[in-house]
Each structure stands twice: as C-alpha cells, then as structure tokens.
Amino acid sequence: MIYWNSFADFLAMGGYGFYVWGSFGVTVLIMALEPITAARTQKLTIARLKRQLRAENRNTAE
Amino acid sequence: MTDRFNLYRYASPATFYPLAGRMIPYFAALSVLFGLAGLYLGMLVAPTDFQQGEGYRIIFIHVPASWMSMFIYLVMAFWAAIGLAFNTRLSGMMTQALAPTGALMAFLSLWTGALWGKPMWGAWWVWDARLTSELILLFLYIGFMALTAAIDDPKRADKAGGLLLLVGVVNVPIIYFSVKWWNTLHQGSSVNLTKSSMAQTMLWGMLLMALCFWMYAIAVALLRARTIMLERERHTDWVKAELAGVER
C-alpha cells in the first residue's frame, strides 16, 4: 500500500524535497499559529471585558 | 401560537454565540480527521505523477488553499450583501471573522504555487492571468481588513468594507475561468464533475484535504466570530450575563 521504499526516499521526494516540504512546512505553521492566535485574542478580550464590567458595576454601586 | 422553529433566531448573536461555541470542537475534530486521511492517501499511498515526479504532491495543499481562498471571499460577499440589504448585526461580524483566514489561504495558494512553479516552470513567479488575479484576491483581503480597521464606528466600517467586498467579487470568476479565457502558463483544472485526469488515490487525497481545509476555516472563523460578538455586544445584557457566568 505504502508507495515509499524507505523513510529517506519519503524525505527526498524524488529530488523535490525542498519544494514539497517548504510548502507543507509553511502551511502547517500557519494552520497551527492562526487558531492559537485567535484563541489567545479571545482569552485577552474576555479578561478585558470582565475588568471593564467590574469597573462599571463598582461605579454604579457607589 | 405554536412555538415553531425559527431560522431568524440564529441570526441573533445571543443565540449564535453559544451555538458556535458548541460546534467549534466538532469542526476542529473533523478537520484533523480529514487532514490525517488526506495526508495518508496523498503523501504515503498515491503513486508518482509521470510528468511532474514527486513535486506534484504540492497540489494536495495548493488546490484546497486556492479553492478556500475563493470560496471564503464568496461567503464574505454574501454576508456583505445581506448586511447592506437587511442591516443585520451578524453579517459584519462574519465578514470580519472570515477575512484573516481568507487572506492566509490566498497567501498559501501563492506560496505553494511559487514552490511548485520554480522546479516545474523554472520561475517562482510569472505575470500569468491566474497568478495575477489570485494576487489581486490577496490584496482585496488585505484592503478589506485595512479599510475596516481604519474606521472606528463598526457600522460604518461594515458598510465601507461590504461595498469593497461586493465590488471585488468580480475577481473570483476571473480567477476561476482565467485558465480557459486566456492562454495561461498555469495548467487547466485537473478536477471536474464529469471526468477527472487524476488517478483515484490522488483525487481522493485532494478531496479529503479540501474537506480538511474547509472544516478548519469554519472552526477558526467561528472562534474569531465569538470574540468579535463579545466585543461588539459588550453593552448588552446577554454579554454581561455571559461574562458573569464565565467568572463563576
């Protein structure tokens, strides 16, 4: 089933290794960083909005 | 009056927010599953291409990224049209949430295309109709994000951005049909509904990767949409309740 004879063959990609892994590497990097960045923004936004809400509630209570 | 199912209910951020939160893990899981299956078929099982050697394997990400870059733009233009016509709150949030993912897909399409072009054509870049119109798509995404970021009032930002999206939508059919309309260096489509010029394993590998990218884009756009909803609706009762609930 597996097309490759060895792991070295797989890495070499018939001489196209640089181009194939350069494509997949950047794609994996972007598709890992984008969700991490989005999740981090969400966390920071929720924390900031909660701070603002608490400050508002304090002001109205006084 | 009977309590019937109402689609409009889901256009309200207060209903959409928890629904999106529940759906994200499923889309993320589907993306990983489709991705693993697609990579297994495409990178380990599929045979070599008789013309392009192993370099052809770049298409397993190049084609899905290009499809998504065009599809996401169409979805954004659809939301922009809805927003301009009916003044719905959700539309502007959706265009904002989708834009960065669309831009990244357009970038990946150009990046992987350059890495494919160098060994196959001998050039990283040529001013070919397909490549140039895809570059314009990337600029449209960047232009949309820059324009909406420059306008402080979200409603006005949505309107200006929506107009840009609707004007720019003419570019999508130009990209898609460029290989037919002009004599391009970029090859024609290898996949179509009636016949495909690809081997079965290659075709399945590519379709699975396309599904992986599709589910990925939905998951990350919903994640971003939820953040935008909290930010824009922060003065409403439901957001205040949501924030108080998170605090407990």
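User: Is S31(B) buried or exposed, and why?

Analyst: S31(B) is buried because 22 other C-beta atoms lie within 10 Å. A residue is called buried with 20 or more other C-beta atoms within 10 Å of its own, exposed with 12 or fewer, and partly exposed in between, the C-beta atoms being placed from the backbone. Please note that this is a predicted model: local features need pLDDT of at least 70, side-chain atom pairs count only at pLDDT 80 or more, and totals for chains, interfaces and linings use all residues. Residues are numbered from 1 along each chain as its sequence is written, while chains are lettered from A and ligands numbered from 1 in the order in which they are written.

User: Which helix holds S31(B), and what does S31(B) touch?

Analyst: S31(B) belongs to helix α1 of chain B. Leaving aside residues up to four places away in sequence, its contacts are C212(B), M215(B), Y216(B) and A219(B). A contact requires C-beta atoms, placed from the backbone, within 7 Å. Helices (H or I, at least four residues) and strands (E, at least two) are DSSP runs, numbered from the N terminus.

User: How far is S31(B) from L140(B)?

Analyst: The C-alpha atoms of S31(B) and L140(B) are 27 Å apart, and the two residues are separated by 109 residues in sequence.

User: How many helices and strands are there in chain B?

Analyst: Chain B has 8 helices and 0 strands. Of its 248 residues, 40% are buried. Its C-alpha atoms fill a box of roughly 65 × 35 × 35 Å along the principal axes. Among contacts between residues at least 6 apart in sequence, 77% join residues at least 24 apart.

User: What about chain A, then: how many helices, and what radius of gyration?

Analyst: Chain A has 2 helices and 0 strands. Its radius of gyration is 24 Å, whereas a compact globule of 62 residues would have one near 11 Å. That radius is taken over C-alpha atoms, and the globule rule is 2.2 Å times the number of residues to the power 0.38. The C-alpha trace of chain A spans about 75 × 25 × 15 Å along its principal axes, and 13% of its 62 residues are buried.

User: How many residues does each chain bring to the contact?

Analyst: Chain A contributes 27 residues and chain B contributes 33. The side of chain A that touches chain B has 18 nonpolar, 7 polar and 2 charged residues. Here Ala, Val, Leu, Ile, Met, Phe, Trp, Tyr, Cys and Pro count as nonpolar, Asp, Glu, Lys and Arg as charged, and the others, Gly among them, as polar.

User: Which residues touch the most other members of the largest nonpolar core?

Analyst: They are M76(B) and A225(B), in a core of 68 residues. Such a core is a set of buried Ala, Val, Leu, Ile, Met, Phe, Trp, Tyr and Cys residues joined through C-beta atoms within 7 Å. α7(B) gives the most to this core, with 20 residues. Not counting residues up to four places away in sequence, M76(B) touches T95(B), L98(B), A99(B), G102(B) and L165(B).

Conventions:
Contact = placed C-beta atoms within 7 Å.
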